[in-house]
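This briefing concerns the packing of helices in one structure. Please consult the sequence and the model shown below while reading.

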Amino acid sequence: MDNVKKVINSAYKLFAKHGYERTPVLEIAKNAEVSSGTVIYHFKTKENLLCMLHWQFINTLISMTNKKILRSKNGKESLVTAFEEFFRILKANPNESRVMFMDKPFKIQNCSEFEPGPLADLKRMIRQYINLLKSCLEQGRDDGSLVINDVQESLSSVTSMLIGSAWIVLFADADIDNTKKAVIDCIVNKISSSSFTNV
C-alpha cells in the first residue's frame, strides 16, 4: 500500500475514533507507519487531509448513486434508490461515514464556491449531490410518480431527513436497516401524497 493510502486509512480510523480536533498529525503518521513529514508533504495541512476524506466520501456517494438511479423507471424509484444507496454507503463505510458527519472544525457553508481551495471544492461536491437529489424530485414531479408542489421545500425535507438519520445511526447507535426503512417509508409515502408539503 502506498503512503497516501496509508495516511488516508489512518486518518479515517483516528478521526472516527477521537475526532478531528483531538487527533494530531503525529498520531496519524504513527498509525500509518510513515513520518509526520510524509503526511505534511502529501496533504500540506490536517484540514486539507480532512477535506480529502470528505471529498472521497461525497465522490463515492455521487458516483454510486448515479450508477444505480440510471436503471430507475421514474422519479420515485430514483429517489428510493438514492436513499438506499446512501444507507448502503453508511453501513459499508462506518469510519468514513462518522468522519463525514462529525462536527467539523470549520463551516463549509461560510466558504464561497468560487474561492480556490479544498473547502470550495468540497462545497461544490456537496452541491452536486444535493442537485442529484433535486433531479430525482423534479423527475418524479414531471412523470407524476411524486406529488410535489415546491421542489425546493421537498429537497430541504429530504436532505434534513438523510442528515438526521445518518446522525442517529452513526452516533446514537440506531439500527441502520430499521432507520432506512422508516426514512424511506416516511419520505416516499409523504411525497407520494399531497400532504408532503405540510411535513
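The axes of helix α1 (residues 3-18) and helix α2 (residues 25-32) approach within 8 Å and cross at roughly 125 degrees. Because angles under 35 degrees count as roughly parallel, over 145 as roughly antiparallel, 65 to 115 as roughly perpendicular and the rest as oblique, α1 is oblique to α2. The model is predicted: local features need pLDDT of at least 70, side-chain atom pairs count only at pLDDT 80 or more, and totals for chains, interfaces and linings use all residues. Residues are numbered from 1 along each chain as its sequence is written, and side-chain values use heavy atoms, with hydrogens and water left out.

**Helices α1 and α2**

- From α1, Lys6, Val7, Ser10, Ala11, Lys13, Leu14, Phe15 and His18 meet Glu27, Ile28, Asn31 and Ala32 of α2 (contact means heavy atoms within 4.5 Å).
- Six nonpolar, three polar and three charged residues make up this contact of α1 with α2.

**Helices α4 and α7**

- Helix α4 (residues 46-69) and helix α7 (residues 118-143) have axes that come within 9 Å and cross at roughly 20 degrees.
- The two helices α4 and α7 are therefore roughly parallel to each other.
- Residues of α4, including Trp55, Ile58 and Ile62, meet residues of α7, among them Leu122, Met125 and Tyr129.
- The contact of α4 with α7 comprises 14 nonpolar residues, six polar ones and one charged residue.

Notes:
Axes are lines fitted to C-alpha atoms, for helices over the stretch in contact, and angles run from 0 to 180 degrees between N-to-C directions. Helices (H or I, at least four residues) and strands (E, at least two) are DSSP runs, numbered from the N terminus. Ala, Val, Leu, Ile, Met, Phe, Trp, Tyr, Cys and Pro count as nonpolar, Asp, Glu, Lys and Arg as charged, and the others, Gly among them, as polar.
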